[in-house]
Amino acid sequence: MSFYSRALKHRSFMLGALLTLLVIFAASLSLLWTPWSPFEIDMAAKLQEPSLRHWLGTDPFGRDISTLLLVGARNSILVGVIAVSIGLSIGTGLGLLAAARRGWVEELIMRLADFSFAFPAVLSAIMMTAVFGAGIVNAIIAIGIFNIPTFARITRASANSVWAREFVLAARACGKGPWHITMDHVLPNIASVLIVQATIQFALAILAEAALSYLGLGTQPPQPSWGRMLAEAQTLLFQAPMLAVYPGVAIAMTVLGLNLLGDGLRDLMDPRLARKR
Amino acid sequence: MGLFLLKRLLTLFVTLAGASVVVFLVLEVLPGDAAQMLMGPDASPDTVQALASKLGLDRPPLERYLHWMSGMVKGDLGLSYTYGSSVRELILERMTVTLPLAVMAMLLTTMLALCAGLYAASRHNRWSDVGLMGLSQVGIAVPNFWFAILLILLFSVHLQWFSAGGFPGWEEDPVQALKSLLLPAISLAVVQASILARITRSAVLDVLREDFVRTARAKGLSPRATLWGHVLRNAMIPVVTVMGLQFANLLAGTIVVENVFYLPGLGRLVFQSIANRDVIVVRNCVMFMASMVIVVNFFVDVLYAVIDPRIKASDI
């Protein structure tokens, strides 16, 4: 069966793809059009119930909730893309280097990766905030740094198994150097593993950004962010409980979509693993 | 076992020393002038200089680092600039909230995950298995601080069974204190348990396919006795690994959740100290948390060897 026909039959993959596309659509839409302005404050229209004018109601500053959610999607995706790119590029590079050079280089890189697990994203973001002040750029860097060891480990483990294969031996016998073997044989063979991991790290990055923005260490006002919307909503739980529901649903749906997509891709790219699920 | 322990202990100390260097470099050397940071950008040079010499911040970085290290060995972490009290006392005081919270969350996580994972594995591919695993996917996707807010909405705003936050203190009212940690612990545990339940289920399913399980069943052991006597112990390796890794997440989670419930724990101390620019407290808190993660992972490594005696033989 082809990849596509198997993909169409994989229910959780399809659900994940649908949810992810929905968020990407929302983010793209917000670049072109939003129902209202995300920055305009209208105190006369504050804390309104959902209506035809404001589909999900308004926040304490009279801003339209559906607009804020749309712009928040853009923010989350931006953070995810940059943070995962940092982790993917540096982490994969280090992992490939470790697998190609072995010996003390591998030992050093892997010990560094082990070591950085002592600093979860929130903890490194706290350190960065204490030094450079709160802001979305610092949050992205902290989340990105946190991604590096994950990618380094998974790249090295998968690359090592490729290096042990016979076609790599054949390539070496033909006189190819480590650099060419890595680029021509190792990287293409581990790409699927990296894509799956990138999807899962993307979801983790969105969760981390939401948590940091909730704490005031991530996205700064007036830029809308799902995490910050939750922080603002928490002060109004008695007056407007639904304000604390929408952004959370948006985060959970996005993360669920990406996780299902990642798991589905793993099943589809390596059918041997599928039986476990 | 002796050599294995020695090797692990050596790694532990090297990792701790490395972590201290990173924390020191990031929080003290990177900002340039720590005293200026403490006083803010508007402070006059004289006051900054006075503070720098009072706190010893005008000494060379290496000397300051060694001073910090020797203080740590002696249990003296210095004085907090804003609280005026010893940082050690501050951390110990806040740990009376954070530690019980983390322990409660970890216990809840383990209980929920083992029950759900074992049950799902024993009902492999039936509706209850599919349903539980679907639920765990949702659990993984829910941010813990949002789940905490939902719990507040339900139990504090709607049903009014719990207070929406705050901590009465252990001396004042121990029962109330325990109660005020329950919702935070649940919100931390649900997310972690969702991940652990999936790991438990797949680990148990893997072991169930092994030959020795078939032998045990063929010998006449009941499914229950096989599960408890043979499967569980063998399935514990990946479960314990993930639990060790989860501790770091749990700790990061307590920082966030303490802020949701306004609990006076370590997480809130760090935040207040960042707001107060109290570098000395921030530095020691971050180091303390990183050390906890490192030490827990050390114990996980040692625990492997206890669960699976083959590991230490291959490791030496």
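A residue counts as buried if 20 or more other C-beta atoms lie within 10 Å of its own, as exposed if 12 or fewer do, and as partly exposed in between, with C-beta atoms placed from the backbone. The model is predicted: local features need pLDDT of at least 70, side-chain atom pairs count only at pLDDT 80 or more, and totals for chains, interfaces and linings use all residues. Residues are numbered from 1 along each chain as its sequence is written, and chains are lettered from A and ligands numbered from 1 in the order in which they are written.

**Exercise 1.** Locate B:Asn125 and classify its exposure.

Solution. Step 1: B:Asn125 lies in the loop between α5 and α6 of chain B, where helices (H or I, at least four residues) are DSSP runs numbered from the N terminus. Step 2: its phi is near 65 degrees, a positive value in a residue other than glycine. Step 3: with 9 other C-beta atoms within 10 Å, B:Asn125 is exposed.

**Exercise 2.** Check the span of α3(A) and state how far it is enclosed.

Solution. Step 1: the expected span of a helix is 1.5 Å times one less than its number of residues. Step 2: for the 37 residues of α3(A) this should give 54 Å, and the end C-alpha atoms are 53 Å apart, which agrees. Step 3: 26 of the 37 residues are buried, so α3(A) is largely enclosed by the rest of the structure.

**Exercise 3.** Determine how α3(A) packs against α4(A).

Solution. Step 1: the axes of α3 (residues 65–101) and α4 (residues 103–116) of chain A come within 7 Å and cross at roughly 150 degrees; axes are lines fitted to C-alpha atoms, for helices over the stretch in contact, and angles run from 0 to 180 degrees between N-to-C directions. Step 2: α3(A) is therefore roughly antiparallel to α4(A), given that angles under 35 degrees count as roughly parallel, over 145 as roughly antiparallel, 65 to 115 as roughly perpendicular and the rest as oblique. Step 3: A:Leu94, A:Leu97, A:Ala98 and A:Arg101 of α3(A) meet A:Gly103, A:Val105, A:Glu106, A:Ile109 and A:Met110 of α4(A), contact meaning C-beta atoms, placed from the backbone, within 7 Å. Step 4: this contact has six nonpolar, one polar and two charged residues; Ala, Val, Leu, Ile, Met, Phe, Trp, Tyr, Cys and Pro count as nonpolar, Asp, Glu, Lys and Arg as charged, and the others, Gly among them, as polar.

**Exercise 4.** Carry out the analysis for α5(B) and α12(B).

Solution. Step 1: α5 (residues 87–122) and α12 (residues 279–307) of chain B pack at an angle of about 50 degrees, with their axes 10 Å apart. Step 2: α5(B) and α12(B) are therefore oblique to each other. Step 3: B:Val87, B:Leu90 and B:Ile91 in α5(B) meet B:Ile280, B:Val281, B:Asn284, B:Cys285 and B:Phe288 in α12(B). Step 4: the contact residues comprise seven nonpolar, one polar and no charged.

**Exercise 5.** Characterise the side of chain B that touches chain A.

Solution. Step 1: 37 residues of chain B are in contact with 32 residues of chain A. Step 2: on chain B, the helices that each supply at least two residues include α1 (2–29) and α10 (223–260). Step 3: by class, this side of chain B has 31 nonpolar, six polar and no charged residues.

Notes:
Contact = placed C-beta atoms within 7 Å.
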